[in-house]
Amino acid sequence: MDDLAFREQEEALRNKAAQLSSELRKQYYQLEEQLVKDPDTYAVLNYFFAAGLHHFYLGKIARGVVNLVLMLIGLALIPYHGWVLIIFVCVIELPQLFNSQKIVRQYNIDVMREVLDELNNSKQNQTISDD
Amino acid sequence: MSLTIQSRIKQSQTTKRAQWFLIFAATIIIVLLSGYQFYTKGVPYFAEKISESLPDEIYQVIDESSLQELDNSEFNASQLSISEQEEIQALFKSLLKGGTHGNRGYKLEFRQWDGKANAMALANGTIIITDSMVTLSENPQELSAVMLHEIGHVRHNHVMESLVGSSIVFVSLTIVFGDVSAVSDIIMQGAILGLNRGYSQQAEFEADFYANEKMNEMYGDNTGMISIFEKLAAETDDPHSWLSSHPSFEKRIEKIKRAD
């Protein structure tokens with residue numbers, strides 16, 4: 001996905017948020033502050049050992065654990081060509097370093113879309129119960 | 001604020017804490033394991049490879065400057081007679097016959113060192129033996145064992161590998177800690193001390209095995225080696241500790257006996 005497509009998605013989210021009532025908008029921004037991730041932190045955690053730390057940051061625990069375990073096995077078996085495993089993990093993870101901006105932007109868009117949906121649902125539920 | 005949103009904020013805070021805990025725990029594990037592997041496997045490996053690739057001129061310069069430094073600070077001229085020195089030089093040459101000890105520039109030097117019975121090898125094959133060590137040795141076998149042990153150090157390139165290993169640790173820690181001098185100094189001194197202690201004890205055993213093998217080839221047994229070690233053990237006043245650079249003579253004798 002290119003930059004323009006991201007901008008469009010973010011703009012759509014901003015527009016949707018603007019349509020919320022002031023109370024819900026406040027809640028939306030409170031949640032946004034809690035949930036969005038920083039691409040630079042993700043990138044630093046990625047190149048720092050490529051040991052799955054960036055996956056933990058985005059909450060992909062299973063993939064992070066797989067990376068970490070492979071890295072630890074590689075390190076423990078260094079004298080028995082364990083470095084091959086380390087290079088393998090690095091090769092797999094390296095493209096994510098260069099795409100960290102895109103990956104984190106997409107993650108933030110997905111998360112905030114989910115929050116908006118949730119807020120809209122709670123608003124509808126509130127209206128139905130009031131009726 | 002609705003309960004759903006409140007619980008969502010609380011949940012996200014808990015998740016965030018758990019994620020950062022995982023990140024810190026994984027970082028600590030990875031740093032410790034990679035540091036340990038680098039220190040115990042990487043440093044000796046690179047020290048060996050770098051030492052092998054260094055030109056002979058560097059070995060020669062290190063030998064000359066080390067001997068000059070020791071002459072200026074520690075050693076005094078030998079009091080052994082010329083005939084005694086010639087006799088030992090002849091024995092030393094006979095040990096080098098066959099050219100199985102590598103291509104270093106072997107030479108034997110005699111010095112006095114505060115009355116201590118000792119011998120040492122420098123990187124390029126200069127072997128220094130003290131007058132007290134010559135006096136302590138009662139026969140050519142014992143003297144041969146001492147010289148073969150030092151030749152073993154040169155053959156296994158222990159001196160240069162130890163120098164290069166310390167340099168690798170120094171450079172690596174400087175890269176990691178930068179100019180935080182107090183912390184890095186403590187860690188660096190500890191790391192180099194640990195490296196030298198572990199490396200030195202292992203090097204002593206390797207040199208012992210080398211000398212033991214050559215003694216068996218030359219004299220058919222290693223009694224000369226065991227007897228000189230027993231004498232040196234009796235001479236040593238310093239209590240052996242875990243920080244000692246050399247293993248205890250008792251341990252060395254036991255290992256040699258076990259190797260036969």
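This is a predicted model: local features need pLDDT of at least 70, side-chain atom pairs count only at pLDDT 80 or more; totals for chains, interfaces and linings use all residues.
Residues are numbered from 1 along each chain as its sequence is written, and chains are lettered from A and ligands numbered from 1 in the order in which they are written.

Chain B holds nine helices and four strands, where helices (H or I, at least four residues) and strands (E, at least two) are DSSP runs numbered from the N terminus. Read from the N terminus, the order of elements in chain B is α-α-β-α-β-β-β-α-α-α-α-α-α. Chain B has 260 residues, of which 29% count as buried; a residue is buried if 20 or more other C-beta atoms lie within 10 Å of its own, exposed if 12 or fewer, and partly exposed in between, with C-beta atoms placed from the backbone. Among contacts in chain B with a separation of 6 or more, 67% are between residues 24 or more positions apart. Two residues are in contact if their C-beta atoms, placed from the backbone, lie within 7 Å.

The axes of helix α3 (residues 82-96) and helix α5 (residues 140-155) of chain B come within 10 Å and cross at roughly 55°. Axes here are lines fitted to C-alpha atoms, for helices over the stretch in contact, and angles run from 0 to 180 degrees between N-to-C directions. α3(B) and α5(B) are therefore oblique to each other, given that angles under 35 degrees count as roughly parallel, over 145 as roughly antiparallel, 65 to 115 as roughly perpendicular and the rest as oblique. Their crossing is right-handed; the term applies if the near helix is turned clockwise from the far one by less than a right angle, and left-handed if anticlockwise. On the α3(B) side the contact is made by B:Ile88, B:Leu91, B:Phe92 and B:Leu95, and on the α5(B) side by B:Pro140, B:Leu143, B:Ser144, B:Met147, B:Leu148 and B:Ile151. By class, this contact has nine nonpolar, one polar and no charged residues. Ala, Val, Leu, Ile, Met, Phe, Trp, Tyr, Cys and Pro count as nonpolar, Asp, Glu, Lys and Arg as charged, and the others, Gly among them, as polar.

α5(B) also meets helix α8 (residues 223-235) of chain B, with axes that come within 8 Å and cross at roughly 80°. That makes α5(B) roughly perpendicular to α8(B). The contact of α5(B) with α8(B) has four nonpolar, five polar and one charged residues. α8(B) in turn packs with helix α9 (residues 249-259) of chain B at an angle of about 165°, their axes 9 Å apart, and the two helices are therefore roughly antiparallel. The crossing of α8(B) and α9(B) is left-handed.

The largest nonpolar core has 39 residues, and those with the most contacts inside it are B:Ile129, B:Val146, B:Met147, B:Leu148 and B:Met225. Such a core is a set of buried Ala, Val, Leu, Ile, Met, Phe, Trp, Tyr and Cys residues joined through C-beta atoms within 7 Å. α5(B) gives the largest share of this core, seven residues. Apart from it lies another core, of 17 residues, including A:Leu45, A:Met71, A:Leu75 and A:Ile103. Between the chains, 21 residues of chain A are in contact with 20 residues of chain B. The side of chain A that touches chain B has 15 nonpolar, six polar and no charged residues.

Some loop residues of chain B also deserve a look. B:Leu122 lies in the loop between β3 (119-121) and β4 (126-130) and is buried, with 24 other C-beta atoms within 10 Å. Leaving aside neighbours within four places in sequence, B:Leu122 is in contact with B:Asp63, B:Ser66, B:Leu67 and B:Val159. Most residues other than glycine have a negative phi. B:Asp114, not a glycine, has a positive phi of about 50°, and B:Asn157, also not a glycine, has one of about 60°. B:Asp114 is exposed, with 10 other C-beta atoms within 10 Å, whereas B:Asn157 counts as buried, with 20 C-beta neighbours inside 10 Å.
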